[in-house]
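This briefing is meant to be read with the structure open. Please look through the sequence and the coordinates before going on to the points below.

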Amino acid sequence: MLSLTQIREDFPILSRTNKSGEKLVYLDNAATTQKPNQVIDTISNFYKNHNSNIHRGIHFLGVEATELYENTRKKVRDFIGANHTEEIIFVRGTTEGINLVASSFGSSSITVGDRILITGMEHHSNLIPWQQLARQKKAHLDIISVSSNGEINIEEVSSKITNDTKLVAISHISNSLGTINPVEEVIQIAHRRGIPVLVDGAQAVGHQPVNVNSLDCDFYAFSGHKMFGPTGIGVLYVKEEYLSQMSPYQFGGEMIRSVTYEDASFADLPHRFEAGTPDIAGVVGLGAAIDYLHSIGLDKIKAYTEDLSLYMAKKLSTIEDLQIIGKPQFRGSIVSFNFDQIHPHDVATILDEKGIAIRAGHHCTMPLMQSMNIPGTSRASVAFYNDKNEIDILYEALKAVKNIFN
Amino acid sequence: MSDNLKSLYHEVILKHNSDPQNFKKREDAKYIIEAYNPVCGDQFKLYFDLDGNTISNLSFHGYGCAISKSSASILTTLLNGKKVEEFININDLFNNVLSGKPLNDKIPEELLAFTPVIAHPGRIKCVTLGWDSLTEFLNSEK
């Protein structure tokens, strides 16, 4: 069991109230998670005491900042079980991580007639980069269908992989439906055919242990702000064998070895993928988030949030005229739902008046919504600082929503 | 229910939401324009004719939240048979109200049901969705 009182004290924002004085019930964790004092203070301390640019400072602040930055890279390596520090590239977030792979790996490895395979439940950030790459290269984008329960069929994965498939990209956990995808199996199937796999880990990291080594994925992207760290920082893991094949994604300072007017040679891995001054404070804050997660324990976090999420799905499903959208066998911390005749934005506005923060809309998965024949959903998503009492508050508020429209 | 909510989902809004007026497709309309909000996916079509300067046979159809649907419904009831200048005038008055300016007694009473939405800036676009698309169309026709 987690010590919830103690944990909640670490998150100052959780004591907020809305304009009507209603206590915040924060159930929009899939959009972004809140930050503990440990992260906030680390960032503040960095700016107060260590701020400097990195990798170039002769002065002591430059040395300290570089050390903090590079030590966090090692921390991330250990956190996700990567073999090498070079395999950790700091990016702005999951979106940039995936775009980096599409731009760099994609430009060298995808050609006319090739195929890229993704699922029908991908966030736009794991769909549009591949769609546009396919268009540029005259390649094809294949889509694994999503069942009414919100799951993919592993046999369809096998059948949709062809000799022309050059990459498989799949979300670890669906941001719209909460489905935990069978990424291990997908990776095994793809690897039997020699095809690399990219995993969008935005909704997984920070909510469950993730080990890229045991998953054996080739690319894994995630965001700091969805794992209790700061916004503007994320991580792309690239397996060593692909790293060396990939050319730089952006050009400029920090990523070079030597430059003439005519030519440039590039810095060692992974720095050649980190052009320009990075979000140094963000990286340091991300390190604090990792320390914080370790202090609670990711196994405990996973068990607690999945139990809470199941409780939420079960409780909400007892409300008349409310449908749970997606009923996967394995659910992460996310539950989507709809009322028969009430628009998700009206639901979210009424909950907002009661201090309850949820998300409503298409959740950046418009094609998935179209395939399910719904314009959007209301989505509640929990973290380890939420509790069953808050789910009960949500439940009562949803019954009130229904009353307003009856 | 809090007083805020009672007023936000005013009975006028709830009534037009559950029983929208002039809610029908009309493929032979002279003009069919789209009112689409990509943020939330609300999507209506407005159907109407223009007889000289007069808006006629105005109807709407599509999908949206209670706020956008009721506002579009009221739009059709208020402006059918009205001149373009009258639409522009009412639209200006309505936008003034929604931006928090003092009430003007010339504004049709039904539109005052939307004033509580001012406290929800993220929902103002829902109120103005149909109105904005009609304004944009009329501007482009000038």
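The model is predicted. Chain B contains 5 helices and 3 strands, and 15 of its residues are in contact with 14 residues of chain A. In chain A, the axes of helices H11(A) and H14(A) come within 10 Å.

**Chain B: build**

- Read from the N terminus, the elements of chain B follow the order α-α-β-β-β-α-α-α.
- A box of roughly 45 × 30 × 25 Å, taken along the principal axes, holds the C-alpha atoms of chain B.
- The radius of gyration of chain B is 14 Å, which agrees with the value near 14 Å for a compact globule of 142 residues.
- Buried residues make up 32% of the 142 residues of chain B.
- If contacts in chain B are limited to residues at least 6 apart in sequence, 59% of them join residues at least 24 apart.

**Chain B: Asn17**

- Asn17(B) sits in helix H2 of chain B, which spans residues 11-18.
- Asn17(B) has 23 C-beta neighbours inside 10 Å and therefore counts as buried; the cut-off for buried is 20 or more.
- Setting aside neighbours within four places in sequence, the contacts of Asn17(B) are Ala66(B), Lys69(B) and Ser70(B).
- Ile67(B) lies 50 residues from Asn17(B) along the chain, and the C-alpha atoms of the two are separated by 7.7 Å.

**Contact between chains A and B**

- The contact involves 15 residues on chain B and 14 residues on chain A.
- On the side of chain B that touches chain A, 9 residues are nonpolar, 5 are polar and 1 is charged.

**Chain A: helices H11 and H14**

- Helix H11(A) covers residues 298-316 and helix H14(A) covers residues 388-405; their axes cross at roughly 20 degrees.
- H11(A) and H14(A) are therefore roughly parallel to each other, since angles under 35 degrees are classed that way.
- From H11(A), the residues at the contact are Leu308(A), Tyr311(A), Met312(A), Lys315(A) and Leu316(A). They meet Lys388(A), Ile391(A), Tyr395(A) and Leu398(A) of H14(A).
- Sorted by class, the contact of H11(A) with H14(A) has 7 nonpolar and 2 charged residues, with no polar ones.

Terms used:
Residues are numbered from 1 along each chain as its sequence is written. Chains are lettered from A and ligands numbered from 1 in the order in which they are written. This is a predicted model: local features need pLDDT of at least 70, side-chain atom pairs count only at pLDDT 80 or more; totals for chains, interfaces and linings use all residues. Axes are lines fitted to C-alpha atoms, for helices over the stretch in contact, and angles run from 0 to 180 degrees between N-to-C directions. Helices (H or I, at least four residues) and strands (E, at least two) are DSSP runs, numbered from the N terminus. Angles under 35 degrees count as roughly parallel, over 145 as roughly antiparallel, 65 to 115 as roughly perpendicular and the rest as oblique. Two residues are in contact if their C-beta atoms, placed from the backbone, lie within 7 Å. Ala, Val, Leu, Ile, Met, Phe, Trp, Tyr, Cys and Pro count as nonpolar, Asp, Glu, Lys and Arg as charged, and the others, Gly among them, as polar. The radius of gyration is taken over C-alpha atoms; the globule rule is 2.2 Å times the number of residues to the power 0.38. A residue is buried if 20 or more other C-beta atoms lie within 10 Å of its own, exposed if 12 or fewer, and partly exposed in between; C-beta atoms are placed from the backbone.
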